[in-house]
Amino acid sequence: MNRLNQGALSNLPKGVVGPFYDRRAVNIGIVHLGLGAFHRAHQAVITEAALEAGDYSWGIAGISLRSPDIRDALALQDGLYTVAVRDGTGDRFAVTGAILTTLVAPENPGAVLDLMTAPNTRIVSLTVTEKGYCHRPATGDLDEDNSDIRHDLTYPEAPRTAIGFLVEAIARRRRAGHAPFTVLSCDNLPANGHTTASVVRRFAALRDPDLAAYVAENVAFPCTMVDRIVPATTEEDRTIVANALGVEDAWPVVSEPFLQWVIEDRFPSGRPNWEKGGASFVADVEPFELIKLRLLNASHSTLAYLGYLAGHETVATAMAAPGFAALLEGLMREEASPTLPPLESFDIAAYRAALLDRFRNPALRHRTWQIAMDGSQKLPQRLLGTIRDRLAVGATFERLALGIAAWIVYVAGRDERGQPIDVRDPLAARLAEATAGRTEAEELAEACLGFSEVFGADLPASRPFRITLLQALSALLKDGAAATVARFDTGSQPPESSTGRNCDTPWDPLAHPRPYRPIATFLRSSR
């Protein structure tokens with residue numbers, strides 16, 4: 001079978017959408033760090049719509065910070081790849097051409113820096129996952145002990161991290177007299193623009209205080225909220241795409257129909273007309289981000305750990321098992337929603353129902369193991385912030401605690417059948433060492449609560465938090481994940497803990513100011 005490439009576009013079957021604009025006329029205006037499936041199914045798709053609307057200034061140069069695999073696949077395809085949109089009604093296929101070139105940073109960091117320094121480059125965007133920001137998730141501060149950060153401070157011309165590349169490129173543009181690019185984080189971080197700005201400015205300050213001052217005064221870091229479920233591509237997916245297109249695509253991506261991108265409209269050097277692809281531009285992203293983190297992402301992580309432990313390979317199969325839908329519905333409605341500020345014209349109940357429907361998508365084989373990756377980086381934003389808010393008003397949080405307990409069992413490295421778990425996490429080795437030989441709830445909790453970069457100092461010192469967590473952990477160790485979750489289908493409620501009443505009324509921001517900056521910032525702007 002022939003390979004997908006520019007020459008194959010004229011022979012695509014009827015119903016397969018391909019680029020109809022002249023790709024040779026497109027210039028690179030965006031350098032994207034982190035060339036994974038999510039970017040190719042989300043930001044690149046939305047940029048494709050802007051290119052098809054006629055603005056040819058915004059082609060993408062995709063940069064892999066680690067593996068050459070995607071570069072090697074796309075290089076033989078002229079940067080083209082297929083997006084397969086999948087739901088219960090079938091698959092729809094579109095070939096995307098927004099990515100014009102790809103580089104692998106470790107092979108040639110100088111070439112990456114040259115692209116980032118080019119005058120036409122006006123946006124540098126990122127999907128490097130939470131761990132790619134080299135920050136401490138509990139505080140948001142730059143992890144100055146990170147070995148790659150130390151390397152980039154010593155060898156700025158050959159960086160390894162996204163942060164190192166950003167600062168070196170900004171410094172080079174400053175010396176060359178080029179306007180700074182806009183830095184656009186598209187990762188699931190609270191106030192991702194503010195977080196990126198914080199670590200970039202701190203890194204720059206460690207290099208040169210004058211450079212840090214320049215960054216603070218001249219570089220824009222808009223906040224964004226992104227949403228689309230994008231499972232890892234399988235060999236079966238490649239076969240389905242090849243049969244549909246009549247040509248081989250070495251690395252297509254699969255996604256659900258739903259797509260959302262909310263962006264703070266702050267681009268001093270210009271931006272694409274992303275509205276053409278469905279993006280929304282707002283003055284304040286934080287309420288949208290908070291809703292997604294505390295409803296979608298919190299539910300996804302809770303489902304992933306409990307589902308994996310219960311023996312479910314995919315999200316959809318877990319959702320079909322007893323108790324999972326009821327557990328997540330209760331988590332969102334009773335525990336997370338009361339901590340959310342009101343958002344005018346936003347139907348929170350309809351959003352929760354839509355999330356459950358998305359999780360049930362039978363055609364989207366999203367693996368629980370994939371979602372479970374990097375939990376030490378995700379849980380502070382997805383679950384622990386909500387728990388802190390519940391604790392502040394003496395409200396219960398048994399479902400949220402069950403998600404944390406499932407993570408503890410998961411990172412201990414053995415499933416309920418005694419088989420080893422392939423734990424993918426920046427702290428995996430330390431977590432394995434800390435939990436080794438511990439089988440009792442108290443021992444496991446104590447071992448994991450010692451990780452201050454995850455739990456901070458406040459939660460381990462909270463007696464109500466410890467009691468609720470131990471209740472959940474004890475249930476999992478005694479009865480297993482499937483039986484523990486199944487109880488939510490019986491109508492019985494989890495046991496009351498000493499945290500007090502169940503909070504089912506809206507949060508009062510004046511009576512209970514929130515303890516950390518991203519939420520506090522939103523509350524100030526909404527009073």
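## Pairing of β10 and β11

In this predicted model, strand β10 (residues 260–264) pairs with β11 in the parallel sense over three bridges. Within this pairing, V262 stands opposite S280 of β11. Strands are DSSP runs of E with at least two residues, helices are runs of H or I with at least four, and both are numbered from the N terminus; two strands pair if DSSP finds at least two bridges between them.

## The three-stranded sheet

The open sheet comprises three strands in the order β8-β10-β11, with mixed pairing. Because β8 (224–227) and β11 (280–282) stand at the edges with a single partner strand each, one side of each is left without a neighbour in the sheet. Neighbouring strands are turned by 15° against each other on average, direction ignored.

Helix α10 (residues 286–309) lies across β8, β10 and β11 and runs at about 40° to β8. Axes are lines fitted to C-alpha atoms, for helices over the stretch in contact (heavy atoms within 4.5 Å), and angles run from 0 to 180 degrees between N-to-C directions.

## Packing of α4 against α6

Helices α4 (residues 109–117) and α6 (residues 162–176) pack at an angle of about 55°, with their axes 9 Å apart. The contact is made by P109, V112, L113, D114, M116 and T117 of α4 together with F165, L166, E168, A169, R172 and R173 of α6.

## Basis of the values

Residues are numbered from 1 along each chain as its sequence is written, and side-chain values use heavy atoms, leaving out hydrogens and water. Local features need pLDDT of at least 70 and side-chain atom pairs count only at pLDDT 80 or more, whereas totals for chains, interfaces and linings use all residues.
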